[in-house]
Amino acid sequence: MTIAVRYWSRGGNTKKLAEAIADAVGVKAETVERPLADKTDIVFLGSAVYAAGVDEEIKRFLQKNRENIGVLYNFSNAALAPSTYKQVSALAKKYGIEISDREYHCRGSFALLHRGHPDEGDLVRARAFAKLAVEKARR
């Protein structure tokens, strides 16, 4: 089974989550600037909410890599907004990418809001999310 973790992070919060997920499944977390070289069974894709939307880098990644994504698992963080799942799911459907209805979302710090998040508890839950996704895929 092939697994990849890709993310886009401006402030470092999504990168922290990506690294925790990658550690849990034994791969390296890389930014969405790195394309998928081959068909990948599971792709964990991390994003955050910027001005009420996902970054253009996420949109470009999905468009350019749509043929190499088996099942997409969304993970995200935001200081106030809900997860990016709805937006990423709409993009996945547009490009014919299968997306799991399971996702991971937590608070991210921004200015004085939610300082220290994602914290260790958030990272523990992110790791558990990734391990469970891979376990279910192997069954």
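Residues are numbered from 1 along each chain as its sequence is written, and side-chain values use heavy atoms, with hydrogens and water left out. Because the model is predicted, local features need pLDDT of at least 70 and side-chain atom pairs count only at pLDDT 80 or more, while totals for chains, interfaces and linings use all residues.

The largest nonpolar core has 24 residues, and Val 5, Ile 21, Phe 44 and Phe 75 touch the most other members. Such a core is a set of buried Ala, Val, Leu, Ile, Met, Phe, Trp, Tyr and Cys residues joined through side-chain atoms within 4.5 Å. Here buried means under 20% relative accessible area, exposed means over 50%, and partly exposed lies in between (1.4 Å probe, protein chains only). Two or more residues come from each of strand 1 (3-7), helix 1 (13-25), strand 3 (40-48), strand 4 (69-78), strand 6 (104-107) and helix 4 (120-138). Helix 1 is the main contributor, giving the most to this core with seven residues. Helices (H or I, at least four residues) and strands (E, at least two) are DSSP runs, numbered from the N terminus.

Leaving out residues up to four places away in sequence, Val 5 touches Ala 18, Ile 21, Ala 22, Val 25, Val 27, Lys 28, Ala 29, Glu 30, Phe 44 and Phe 75, where contact means heavy atoms within 4.5 Å.

The strands come next. Strand 3 is largely enclosed by the rest of the structure, because eight of its nine residues are buried. Strand 1 and strand 3 run parallel and are joined by five bridges, with Ile 3 standing opposite Ile 42 in strand 3. Strand 3 also pairs with strand 4, again in the parallel sense, over eight bridges; here Ser 47 has Ser 76 in strand 4 as its bridge partner. Two strands are taken to pair if DSSP finds at least two bridges between them.

Thr 2 sits in the segment before strand 1 and is partly exposed, with a relative accessible area of 37%. Beyond its neighbours within four places in sequence, Thr 2 is in contact with Lys 39, Thr 40, Asp 41 and Ile 42.

Helix 3 (residues 85-94) has a buried side made up of Tyr 85, Val 88, Ser 89, Leu 91 and Ala 92. Seen down the axis of helix 3, these buried residues fall within an arc of 165 degrees, so they line one face of the helix; the arc is that of the directions from the helix axis to the C-beta atoms. They pack against strand 3, helix 2 (56-65), strand 4 and strand 5 (98-99). The face turned away from the buried side carries the exposed residues Lys 86, Lys 93 and Lys 94. Just after helix 3, Gly 96 takes a positive phi of about 70 degrees.

Turning to charged side chains, a search of the whole structure finds eight salt bridges, each defined as a side-chain nitrogen of Lys or Arg within 4 Å of a carboxyl oxygen of Asp or Glu. One of them brings together Arg 127 and Asp 23 (4.0 Å, N to O). This pair links distant parts of the chain, with Arg 127 in helix 4 and Asp 23 in helix 1, 104 residues apart. Arg 127 counts as partly exposed at 23% relative accessibility, and Asp 23 counts as exposed at 56%.

Another salt bridge joins Arg 34 and Glu 30 (3.3 Å, N to O). Glu 30 is buried, with a relative accessible area of 18%, whereas Arg 34 is partly exposed at 48%. In helix 2, Glu 57 and Arg 60 lie three residues apart, about one turn of the helix, and their side chains meet in a salt bridge (2.9 Å, N to O). Salt bridges that share partners join Arg 6, Glu 30 and Arg 34 into one network.

Finally, Asp 55 lies in the loop between strand 3 and helix 2 and is buried, with a relative accessible area of 10%. The side chain of Asp 55 makes a polar contact with that of Arg 10 (2.5 Å). A polar contact is a pair of N or O atoms within 3.5 Å; within protein, one must be able to donate a hydrogen and the other to accept it, and residues adjacent in sequence count only if both atoms are side-chain atoms.
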